[in-house]
Amino acid sequence: MTSSTRTALSLLGAIVVAAVLTLHAPGPWTTLLAILAALVLGAGQHGTRWLMTAAVAGTTGTALLAAAGLSSWAEGARELVFALAWVGLPWLAGLAWRLRSQVRAQAAEQAQQERQQRRERKQRERDAERLALAGILHDDLGHALSLVALNLGKLELDESQHDAARKTVETAREQLTDAVGRLGASVRMLRSGQVPGLAPQSEADLAGVIDQFRAAGASVVLEGRTGSGADESRVVRVVREALTNAAKHAPGAAITVNIETTADGTARVKVTNPVAAAGSEPGTGSGTGLSALKQVLKDVGGALEAGLRDDVFRMEALVPPVDHRAVAPEPERPPVKVGRRTMLIAAGLVVCSVVVLGGLQLFAQAEARRALLTAEDYARLNQGMSRSDAQALLPDHELLPVPSSPAGAECHDYAVETDWLADQSGDVYRVCFVGDRLASTALLAGQGR
């Protein structure tokens, strides 16, 4: 529902309430409409403001009618108080409903904020753990790799080595130096607050990785390439891990790298190699590299499968596009329930409204029964008959308040109907005496009393 629609409904409700507050003895259907209008006002966004506006308008209308002589001040005050009771309690019920809805909305918003804070706190904790781990790896592994590079440098300067061996040692030292530099770059990325992971890479880096393995003696065949929108850094990481595993577990085996990119930038990487060739000694590993890579891809919405099939080791990875990296959603917690106290307050207001309004209606019906003048008795009243004869036909009680009378006259009102749903509900018989004689009788509709 738009804001303009809600404003229009509130304005219409305020007009109905103001009209009922101004009218004298409104009919049952008009009263029911006023109750519904007050309920709508209470449940609206600015219910208090609209109700006050309707109350001021109704009070002003009642005062104007009394000032114009169309009703007495006492009668107008009584009807105004009665009408306020009819519309006030439904308005409170609507207000309770609105407050309950606001409490639920605030509880849901607070739960959302708490979930966001927990996600941010977990992210900070993970970043801190990764930073600490990266620092340890840089200090320990970097130191060890530096020593290896130093020893390779000594071998490179050893004149007893033939040229081919010296060239191999030189290549190994350069690769090791590059690895130490990249390890330091990763730690610097973490410390600067960037997203943990590899530095951005291009397709040239993919070719460079493959060239490095070829230079080390591996037989690598590259099929396909990364297309537009592909996450090239993670593709390079997948290929590097696959080539490392193949070189470790199946040295000398031919390795095939196939890369396909879909229209949306999703890359499918497939790396295959036969099992260890005859005469070669396969290496051993812990498998943590594949497990870590599988978790990384899972966190961004990708997947990784690896295993031996038909004497061929296959590793297949699905790498999402760079612009659509998904974050693993946190399990949603059940919605926060509004306290039972709020529910009891709302239910209590509704029950009180029904009880009070029902009590007022029962009181009005009881008064009408005590002051009921039947149509047969009213027809027997004749102008000029004595007071004693007229009082013998009239009920013992009359309706309150006592109506205003012309000078020298004394008037009394009696109920026409006791059923509040009947068309004549609220109508009265007015009987006036002058001295000891019946001066006049009249049937007045409820609006004209």
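## A patch on the surface

Leu-32, Leu-36 and Leu-39 make a nonpolar surface patch of about 250 Å². Patches are built from residues with over 30% relative accessible area and no salt bridge; nonpolar side chains (Val, Leu, Ile, Met, Phe, Trp, Tyr) are joined within 5 Å, and like charges within 9 Å. Accessible areas come from the Shrake-Rupley method with a 1.4 Å probe, and for residues only the protein chains shown count as cover.

Leu-39 sits in helix α2, residues 28–43. Its relative accessible area is 37%, so Leu-39 is partly exposed. Here, buried means under 20% relative accessible area, exposed means over 50%, and partly exposed lies in between (1.4 Å probe, protein chains only).

## The model and the whole chain

This is a predicted model: local features need pLDDT of at least 70, side-chain atom pairs count only at pLDDT 80 or more, and totals for chains, interfaces and linings use all residues. Residues are numbered from 1 along each chain as its sequence is written, and side-chain values use heavy atoms, with hydrogens and water left out.

The protein chain has eleven helices and eight strands. These are DSSP runs, numbered from the N terminus: helices are H or I with at least four residues, strands are E with at least two. Of the 449 residues in the protein chain, 34% are buried. The accessible surface comes to about 26300 Å², and 60% of it belongs to carbon and sulfur atoms. Take the contacts between residues at least 6 apart in sequence: 63% join residues at least 24 apart. A contact means heavy atoms within 4.5 Å.

## The largest core

The largest nonpolar core has 26 residues. Val-220, Val-238, Val-239, Leu-243, Val-257 and Val-269 have the most contacts inside it. Such a core is a set of buried Ala, Val, Leu, Ile, Met, Phe, Trp, Tyr and Cys residues joined through side-chain atoms within 4.5 Å. At least two residues of this core come from each of α6 (203–215), α7 (232–249), β2 (254–261), β3 (267–274), α8 (288–299) and β5 (312–319). Helix α7 gives the largest share, seven residues.

Val-239 is in contact with Leu-206, Val-257, Ile-259 and Val-269, leaving aside its neighbours within four places in sequence.

## Helix α7

Helix α7 has 18 residues. From its first C-alpha to its last it reaches 26 Å, close to the 26 Å expected at 1.5 Å a residue. The expected span is 1.5 Å times one less than the number of residues. The buried residues of α7 include Val-235, Val-236, Val-238, Val-239, Ala-242 and Leu-243. Ser-233, Arg-234, Arg-240 and Asn-245 are also among them.

## Salt bridges

Side chains of opposite charge can pair when their charged atoms come close. The structure holds six salt bridges. Each is a side-chain nitrogen of Lys or Arg within 4 Å of a carboxyl oxygen of Asp or Glu. In one of them, Arg-214 meets Asp-211, with the closest N and O atoms 3.8 Å apart. Both residues lie in helix α6, three residues apart, about one turn of the helix. An α-helix has 3.6 residues a turn, so residues three or four places apart point the same way. Arg-214 is partly exposed at 39% relative accessibility, and Asp-211 is partly exposed at 42%.

Arg-234 bridges to Asp-231, with the closest N and O atoms 3.3 Å apart. Are these two residues buried or exposed? Both are buried. Arg-380 and Asp-377 also form a salt bridge, at 3.8 Å from N to O. Arg-380 is exposed, with a relative accessible area of 52%, whereas Asp-377 is partly exposed at 22%.

## Two loops

Thr-266 lies in the loop between β2 and β3. Thr-266 counts as buried, at 12% relative accessibility. What does Thr-266 touch, not counting residues up to four places away in sequence? The answer is Glu-260, Thr-261, Leu-318, Val-319 and Pro-321. Thr-266 and Gly-302 are 36 residues apart in sequence, and their C-alpha atoms are 9.2 Å apart in space.

Asp-310 is in the loop between β4 (303–309) and β5. Asp-310 is not a glycine, yet its phi is positive, about 55°. Asp-311 is in the loop between β4 and β5, and its phi is also positive, near 60°. Asp-310 is exposed at 65% relative accessibility, and Asp-311 is exposed at 56%.
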